[in-house]
2 protein chains.
Amino acid sequence: MEPELAGRALTAAPGDDGVEAAVAAARRVIAALLHAGDRPEAGIAEVADMLDAVASQLEGLAVPVRQRLADMWRGERIGRYDPVAGPQNAIAPPLRLYGRSDGSVEGTVTLGLPYQGPPGLVHGGISAMLLDHALGAANYWAGSGTAMTAELTLRYLRPVPLFEPLAVVARRQSVDGRKIRGAGTISASGQVCVSAEALFIGKEIPVPGRAVPG
Amino acid sequence: MEPELAGRALTAAPGDDGVEAAVAAARRVIAALLHAGDRPEAGIAEVADMLDAVASQLEGLAVPVRQRLADMWRGERIGRYDPVAGPQNAIAPPLRLYGRSDGSVEGTVTLGLPYQGPPGLVHGGISAMLLDHALGAANYWAGSGTAMTAELTLRYLRPVPLFEPLAVVARRQSVDGRKIRGAGTISASGQVCVSAEALFIGKEIPVPGRAVPG
């Protein structure tokens, strides 16, 4: 990690408890299903049966949704469940973001086949998701707390490659009453591929506990 | 399905081969990991071991990435692998889109905990992803083939609820040389929650085979 990235982590670190180990394994499964591909031979039926068995076992542990939502949002569990940075969400790459001393946030992520849109490239909607999340984290890091996205504009300047490190950077640019503006970029090999501008409306989300960016 | 939705499917139908059954089971696992949550007791360690075993088995079937990418984009396999509509991508909800006779495209999707941003609500980046993809499909349905997103603007008007049917609608609005403009919405209970406008640049992506929207 570069020195300027050695700021405060704004996304939850992976824990070593069982859930997060299981989520990490689930990410391996998601990617491997795309790398193995269209080969109905070779034990795939058995794989489906094994995954269904795991799902059934986990579903037996489920708590009612209302209770689960209350548990999720209690305390300081920032960013633990979301589809961008959440170590407990197998959909998340995950993107880990750090607050820098200049007020911006930055993270680096390499995306594989699950995030593909055009051939060999990151899906435009995935780029949008990374930037929306990073912009929300930038508000938080800059002291604006949790704000809701009101408007987000993305400019796709260059294709975003799979399998290469992507630098995601975002910063809060201005605050005017409840209106917060921010900007961010996704870069590969030092070139900006996607830029974003966003308008947020700052307010606390009315739930118990502390809410998170995004 | 409502009559006006009974148009041509623009996203790949789930197949009944082993891969897609395994992907469907993986989606159950992804959701169940979030519903079970922070309970390191109760067999979670065993679940991690089982998932790692499945991942290792699948990774043994992987073909080299270059070959896999060539296979994926050969022939008419529209939308089979992407993170929005792809039946072979466990990240995809999946959103299934249909072309309507008025030139628009529509799909309905209900999103659960893996797609959560704020408490009980869909992540803003997920809404962006759904709309980016639907707008690309609308270009395709309207006859513009595959176009790359150049600019995408999202307006978040109302929170997007989890666990409720969401209607995703998009249409191509104009074509001016290679510039294609489109617009779309996500609605819940008949009210527009997110609207989008996009500018696309129409061109074929230079790969063998036929490319897909998104």
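The side chains of R155(B) and E151(A) meet in a salt bridge, 3.5 Å from N to O; the term denotes a side-chain nitrogen of Lys or Arg within 4 Å of a carboxyl oxygen of Asp or Glu. The model is predicted, with pLDDT of at least 70 needed for local features and 80 or more for side-chain atom pairs, while totals for chains, interfaces and linings use all residues. Residues are numbered from 1 along each chain as its sequence is written, chains are lettered from A in the order in which they are written, and side-chain values use heavy atoms, without hydrogens and water.

**Exercise 1.** Determine how β4(A) and β4(B) are joined.

*Solution.* Step one: five bridges join the two strands, which run antiparallel; strands pair if DSSP finds at least two bridges between them, a strand being a DSSP run (E) of at least two residues. Step two: the bridge partner of E151(A) in β4(B) is R155(B).

**Exercise 2.** State whether T153(A) is buried or exposed, and find the polar contact of its side chain.

*Solution.* Step one: T153(A) lies in β4 of chain A, residues 147–156. Step two: T153(A) counts as buried because its relative accessibility is 9%, buried being under 20% and exposed over 50% (1.4 Å probe, protein chains only). Step three: its side chain makes a polar contact with that of T153(B) at 3.1 Å. Such a contact is a pair of N or O atoms within 3.5 Å, where within protein one must be able to donate a hydrogen and the other to accept it, and residues adjacent in sequence count only through side-chain atoms on both sides.

Technical notes: Helix = DSSP H or I, 4+ residues; strand = E, 2+ residues; numbered from the N terminus.
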